Every structure is written in structure tokens, then in C-alpha cells.
Amino acid sequence: MISASIPRERLSLYTLSRRGQNSLALFIVLCFFLFNALSVQGQDWTYDEPEHYKYGMNILNGDSTRFDDSKMPVSVWNALPARIADVLPDGPMKTDLKQLSTARLMTTLFSIVVALMVFHWARELYGWIPAFFSLALYVLDPNIIAHSQLVTTDIYVTGMVLFSSYWLWRFANDHNWQNGLWLLLMLGFAQLTKYTAVSLYGLFAIALLVHGWPSLKKTFETGIWQGVRGVAWQCARYALVGVAVSMIIINVGFLFNRTFTSLSEYSFRSDLFRSIQSKISFVVPVPYPYLEGLDWVIQRERTNTGFGRVYLLGETRFAAGFPGYYVIASVLKVPIATQIILLSAFAVYLTDRQRWGRFLRNEWFLLWPVLFYVIYFNFFYRAQMGIRFYLVIFPLLYVFAGGLFVHWRDFGRRQKLAVLALGIYLMASVISYYPHYLSYFNEIVWDRKTAYQYLADSNLDWGQDGLILKQYLVEHPTVRQAPPKPELLAETTTYFLEINRFLGITTEPGTFEWLRENFEPVGMIASSYLLFEITPDQMQVLCERTTYCKQDYDQYIGKDDGNEIW
């Protein structure tokens, strides 16, 4: 309801029909889709995309057998256009459906549904004006933009965490069967996106317990056994139905591949599952590749097998992560304007005692998953390969940030001008990186050529610039790839080297130490390759004062003409 204190001539600024709100939101997400469609052009496959795409196509062909740990049935959505193209006659439509950009835009389509849910939930909590601010934070997040363009599962699990949390909120506040069914469906489908979603079962059980504790406490205090037993039976029924729905969805997603295999017949890799297997045995009611993949993911995360080293602020580590890695990555890769809005939202919320009273009813369902994932990923998760794992908290935070603008109508002129300035700054920062959003860093990293000194891996170099490199080498045929071992030069030579190899993330650390410790890059190719210009005199001096030129590099295993294979 519009405040009576608002002058009549200003009423139109604050009145917009539900239909008008929805139309404007749809227009914004359509712009988001078109922006992604334009910026994705000319980008090469990232390292993980071919395997995700292959797994999706395999399932469409009736085979869910696992060849990699993290590939999930949701990739069917990306492979679907090409599968449809297989049954079409030759022509432009068939050609377009088989394009890489088409497969990628299927992720973008899902992401716009996530954006609409951000808008919808924020509107239900805070009103339509705050909802548009929440929506803007989502569609103007360069990390969201980057991963909405890829054939990977990061945006899918991000969306399913949001959808599941929304329906949990609905169910907790209104225990009708429709809300319960939607919650169970979202939980089940989340398991087909990424193994991060397994944590939702425990998270949601705790969320419901805390939300319902005031009424549960009264039941226990009465001492009436019948009431306590009724509550226990109700919880047991919810759990049984939830497990049954998830089992059905997981089985359908993995095509019932070897469902009901005995635990003793699994070939586990992780210490956790081997320990369980040594103590008990039972028939597993989920498909073999589902549990197999979970085992492989745990083993890889615990041992760092297969993805090289973790890198942060100039330091590499193996089989160990950095405490606070994702906090630092967020400080560097989330737009500064967005960070200011989020911090302001928390500050205002903490000073609003009226909203505190509704915490367990509303914000609890936004902030509890955020709190869990912040702690888990920053202090317990070892496979810190990029901010993409952390995206699961972003939509929840953006919904919460809408609460900052609940009293927008009462904002003074200076406050509104400050918000406008932040919005312009946000847009300018994001647009300045077009179309290379995977490598986005905010203005804390003012010199973009130095971004590799802070973060690397999928934060910066994920193979996306391969096509740009090929074109650059055609135009500059004398540029050579830097060798693992230095060599004397007859003339000044320009070398290029992929950032992850240069930093020792995907190579043995000593392989390019000669280059890393003695020369500074003079330029870059896109955001993934460093350029070095070395004269014959510089190389001769290096060889005379060091042992690099004589060092035996055969100790570094897995080399193929200087290209380490992991």
C-alpha cells in the first residue's frame, strides 16, 4: 500500500501492476539472454565442457556409465539441441542446433529462470521495487554471466539450491501438500546437477528443526507423549516420502543403471566409502554411477588427484587448500558496487529490530545455506579451483540484498543518487570486460595484466581463449611457446605461455621456474596467455649464472613435447 504522505503527482513512480512488473522482469532477462548470446561468440571450449557435453549425449543415447567423476545427467539439457538435429534433414536449422554456442545457450536459458526466481522470491519478501534491485544484481554479476555461457553444471546447481530453498521457505511457513511436493521435486532434481546438492538434505532438516523449534518446544514442555509421538511420526513421514521421491528422480536421471547393486560389489576409491564398505553391506537403491561418482568426487577432493595445484596470491599448494580462499576470491571477482550493496544490506538488517522478529520465518532460509557453504568451502573444501564452486550462495545473497531497498520510497535524494552512482559504476565495470567474463576482476586489480598474481585456474585461465591464441599465432608466426627448459637464442624471441602452466598449477612447479623467477611478462594474449620477450644476451646471462640450462628435466613426469598431461 502506498503511503499517504507521498504526493499524488509521484504516485505513478511507485505503482506498477503485477502484469507490468512481470513484463519488465521478462524484458530484463531477455536482455540478459541476448547479452550472453553475443558475448559467447568466438570463445573456445573450456577444459571441462567437452566431457559434460559428452556425458549428456551418452545419456540421450541410453548410457549413463561414468567416465569422469563430476559429470551429471543435467547435461542432457545442453546436448538436446544436437540430438534433435540428428533427426532433422540437412539445412540451416540442423547446422545451428549442432553449434557449440547453441549448447551453451541452453545453460543461459536455465539461468534466466534462476534470475526470475531471484526476482519472484525478493518480491514476495520485500516488494517489487527491491525485487528489481535483486534481479539487477544477478544479471549484472560477471561471474554469473560467465558461467551462464558454459556447458558445465555450476549454474544448474546454483539454480537448484535457490529453487529448493525457496520451496523450503514456502513449505516451512505453510505445510500444504503442494508446497511439500514442489520441495521434494526440487530436492530430487538438484541431485542430478552436482554432488554439492547432497548437502541440502542435512541443511534442510536443520532448517526445518530450527524454524519449528518454538512450537516443538511447547509440545515437549507439555509432557504429553501423544503429542511428541505425533511430531516424530510426522517428521518420519516427511523423511520417507522425501527419500522415495529423490530415489525415483535419481534413478530416472541415471537410467536405472545397475540399481540395487550390493555395496560389496562397488570398486570404491575414497577412504570414506572403503571404510563403510568394510563394515557393512546392503543393496544400494540408487544407480551405480550415482554413488560411484560421489565416491570419485570425494577421493579427488581429498587428494587433489587430477586437477593440479591450488593457487592463491602467488602461492601454490598441493593436497591442501587455503583457509578463506573463496572470501578472497569474492573480494577480487565480485563487482565492488555489488559488495557495497551486500554489506549495506547486512548492516541495515542488523539495525532493524522489526525485521529481526521475522528472521526465522524469512531470512533464515536465505542465510542458513549461505552460512554453511561459506564455512564449508572456505575451511574444509580442498579443490579450490575457482569461484564457480561458490556461486551457490550468490542468488540467495542477491535476494537478501533486496531488503536494503524495502523503504526505497523514503530514501532521500542523496541516498538515491548514491544508489544510482553505484548502479552506473556496476554497469561500467561489467561492460568493460565484454566479452571476456570468465576472467573478470574488479578494480582492486587495476592492471589486468597482473590478475594472475592473485588468482588463476578457472578464475582466469580455463582454456576459453584457445581460438584467440590460434588467430594471434597466425598473425604473429614468429611467436613461440616457451620451452620447459631454457635454451640459448640466436635472436630476440617472443614466447607465449598459458598462465596455469606458468604458475605451476598444471605442471610440476620447477618446470617453468627459469621463466617465472627471471623474467616479467611484456604483454598478454586475451586473458590466458602471457608474452615474454627475451634477448640472446639475457638468455646467455641466465645460463651462465644458473643451472637451468643444464638441469635434467626428465624428472618431471607426464610430459609430451613440453605439454604436461594431467
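## Close-up views of a predicted model

**View 1. Q481 stands opposite F496 in β6.** This is a predicted model in which local features need pLDDT of at least 70 and side-chain atom pairs count only at pLDDT 80 or more, while totals for chains, interfaces and linings use all residues. Residues are numbered from 1 along each chain as its sequence is written, and side-chain values use heavy atoms, with hydrogens and water left out. Strands β5 and β6 pair in the parallel sense over two bridges, where pairing requires that DSSP finds at least two bridges between two strands. Strands (E, at least two residues) and helices (H or I, at least four residues) are DSSP runs, numbered from the N terminus.

**View 2. The open sheet contains four strands in the order β5-β6-β8-β7.** The pairing within this sheet is mixed. Strands β5 (480–481) and β7 (523–525) stand at the edges, and because each has a single partner strand, one side of each is left without a neighbour in the sheet. Strands of a sheet pair through backbone hydrogen bonds, either parallel or antiparallel.

**View 3. Strands β6 (residues 493–498) and β8 (residues 529–534) pair in the antiparallel sense over six bridges.** Along this pair, Y495 stands opposite F532 in β8, and the bridge partner of T494 in β8 is E533. Five of the six residues of β6 are buried (under 20% relative accessible area, with exposed meaning over 50% and partly exposed in between, for a 1.4 Å probe and protein chains only), so β6 is largely enclosed by the rest of the structure. Strand β8 is likewise mostly covered, with five of its six residues buried.

**View 4. Strands β7 and β8 form a hairpin with three residues between them.** The two strands run antiparallel and are joined by three bridges, and G523 stands opposite L531 in β8. In the turn, A526 has a positive phi of about 55°.

**View 5. Helix α5 (residues 100–126) packs with helix α18 (residues 394–401) at an angle of about 35°, their axes being 9 Å apart.** Axes are lines fitted to C-alpha atoms, for helices over the stretch in contact, and angles run from 0 to 180 degrees between N-to-C directions. The contact (heavy atoms within 4.5 Å) brings V114, V118, W121, A122, L125 and Y126 in α5 to P395, L396, Y398, V399 and F400 in α18. By class, this contact of α5 with α18 has 11 nonpolar, no polar and no charged residues, where Ala, Val, Leu, Ile, Met, Phe, Trp, Tyr, Cys and Pro count as nonpolar, Asp, Glu, Lys and Arg as charged, and the others, Gly among them, as polar.

**View 6. P130 is found in helix α6 (residues 128–139).** At 3% relative accessibility, P130 counts as buried. When residues up to four places away in sequence are not counted, P130 touches G402, F405 and V406.

**View 7. Helix α2 (residues 49–60) is followed by G62, whose phi is positive, near 90°.** The 12 residues of α2 should span 16 Å at 1.5 Å a residue, and the end C-alpha atoms are 17 Å apart, which agrees; the expected span is 1.5 Å times one less than the number of residues. Buried residues in α2 include E49, H52, Y53, Y55 and G56.
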